[in-house]
Amino acid sequence: MIRIIGLLWLMLFAYPSVAKEFRVVGTPVCVTNDQSQRCGLQWENMSEPRRAYVIERFRPGGYLGNSVFGPVAAELDSVGETWTALTEPLKSLDSLAENTVDGGYLYRLLACHNYEKRERCVASRVHWVPLLFDSTDDIPSVVYDRSLEGYAVARDTPIWVQEIQYNVYLLIQTLDYAGGVSLPPMSRPLVGPESNDILDLTRSQLVHRAVFGVYEGKR
Amino acid sequence: MIKRVLLGCILCVVTKASFAGSINAEDWGCGGNGLKVWGLSWQEPWVYPDIYLEYRSVFGGDWQFYGGLLEHNDCISSPYYDQMWRIVACDGGFCQAASLYAYTPTAPCDPPGGR
């Protein structure tokens with residue numbers, strides 16, 4: 001009996017902690033110049049100043065990122081963090097965008113009175129930073145998930161089409177690894193998936209429209 | 001008893017066997033609305049008598065059969081945007097899906113104005 005209670009206690013309290021949920025305020029926006037693949041995140045409609053600001057990247061347990069060897073390598077790292085800070089706590093909101101981030105991941109901005117203790121924190125919506133390419137040669141033909149099921153990129157299509165496919169496949173991977181982790185809403189695209197009025201969108205906005213639909217449909 | 005065990009193992013192997021089929025989304029030009037027109041082509045070994053297509057919204061939902069029985073190693077025009085597609089092989093009521101998927105995004109024919 002004592003053993004059973006002990007086991008139950010372990011199951012309840014020793015399980016890896018999941019991401020703490022914070023009240024959502026405002027939206028990250030990617031501000032970048034055309035020369036750079038990277039993105040500086042600005043926090044729009046952030047109406048509640050705090051003492052510390054941090055950029056966090058979502059990397060669910062086992063997910064190692066944009067590697068074709070991901071499913072294999074992931075087995076070696078079956079319990080990972082969910083949200084990882086990419087910066088030391090910054091004192092001003094404006095300095096967030098100076099720290100550029102890689103494409104192909106989900107990010108959020110966190111503001112707290114004390115970041116280490118997660119005191120009085122608010123979080124932004126989640127934002128997918130698109131992974132864009134200079135050449136279609138750099139885009140993998142297939143993305144495999146951890147069950148070794150593959151998602152094919154259409155090779156005979158223009159780069160902006162392959163980018164949409166590849167980013168959606170990466171997001172599907174991320175959400176698959178995330179399992180039951182509760183995720184905040186995503187930043188809204190200029191044109192949502194309910195509309196096909198996309199002819200004036202940029203490559204980033206096309207990706208945003210597609211990943212938003214996938215994210216909100218699956219989270 | 002031995003027969004049962006053997007049969008069980010064979011069924012188990014068949015159920016878990018990966019179906020070696022693939023599907024590709026193909027660029028079939030431009031529609032009057034300025035959006036890409038998609039085609040789908042597929043390849044699969046001839047050991048499976050019946051081949052079907054399944055699709056589901058990339059934004060969520062269940063798999064649905066599309067059309068009817070297909071020719072082996074053929075192609076069709078893909079009528080829906082933002083769908084994930086796969087082929088399914090059936091033999092006497094036993095069906096399994098291929099482990100390769102293709103996504104037909106809503107995409108413009110002309111290059112977007114910027115990154």
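Student: How many Å should the 16 residues of H4(A) span?

Tutor: At 1.5 Å a residue, they should span 22 Å. The end C-alpha atoms of H4(A) are 23 Å apart, which agrees. The expected span is 1.5 Å times one less than the number of residues. Helices (H or I, at least four residues) and strands (E, at least two) are DSSP runs, numbered from the N terminus.

Student: What kind of model is this, and how are its parts labelled?

Tutor: This is a predicted model: local features need pLDDT of at least 70, side-chain atom pairs count only at pLDDT 80 or more, and totals for chains, interfaces and linings use all residues. Residues are numbered from 1 along each chain as its sequence is written, while chains are lettered from A and ligands numbered from 1 in the order in which they are written.

Student: Which elements does chain A have?

Tutor: Chain A has 4 helices and 10 strands. From the N terminus on, they run α-β-β-β-β-α-β-β-β-β-β-β-α-α.

Student: Is H4(A) mostly covered or mostly open?

Tutor: First, the rule. A residue is buried if 20 or more other C-beta atoms lie within 10 Å of its own, exposed if 12 or fewer, and partly exposed in between; C-beta atoms are placed from the backbone. H4(A) is mostly covered, with 12 of its 16 residues buried. Among them are Leu206(A), Val207(A), Val211(A) and Phe212(A). The cover includes strand S2 (27-31), strand S8 (127-129) and H3 of chain A. Across chain A, 38% of the 219 residues count as buried.

Student: Which residues have the most contacts inside the largest nonpolar core?

Tutor: Start with the general idea. In soluble globular proteins, nonpolar side chains tend to be buried together. A nonpolar core is a set of buried Ala, Val, Leu, Ile, Met, Phe, Trp, Tyr and Cys residues joined through C-beta atoms within 7 Å. Here the largest has 72 residues, and those with the most contacts inside it are Leu41(A), Leu109(A), Val168(A), Leu171(A) and Val211(A). Helix H3 (residues 159-178) of chain A gives the most to this core, 12 residues.

Student: What does Val211(A) touch?

Tutor: Contact means that two C-beta atoms, placed from the backbone, lie within 7 Å. Not counting residues up to four places away in sequence, Val211(A) touches Trp128(A), Asn167(A), Val168(A) and Leu171(A).

Student: How many residues of chain A are in contact with chain B?

Tutor: 31 residues of chain A are in contact with 26 residues of chain B. H4(A) supplies the largest share of chain A's side, 8 residues.

Student: Which strands are joined between the chains?

Tutor: S10(A) is joined by 3 bridges to strand S8 (residues 100-104) of chain B, and the two run parallel. Two strands pair if DSSP finds at least two bridges between them. Gly150(A) stands opposite Leu100(B) in S8(B).

Student: In what order do the strands of the open sheet in chain B come?

Tutor: The 3 strands are ordered S1-S2-S5, with antiparallel pairing. Strand S1 (22-30) and strand S5 (75-78) of chain B are the edges, each pairing on one side only. S1(B) and strand S2 (residues 36-43) of chain B share 7 bridges. Ala25(B) has Leu40(B) as its bridge partner in S2(B).

Student: Why is Tyr52(B) called partly exposed?

Tutor: Because Tyr52(B) has 17 other C-beta atoms within 10 Å. Tyr52(B) lies in strand S3 (residues 50-57) of chain B. Tyr52(B) and Gly68(B) are 16 residues apart in sequence and 6.5 Å apart in space, C-alpha to C-alpha.
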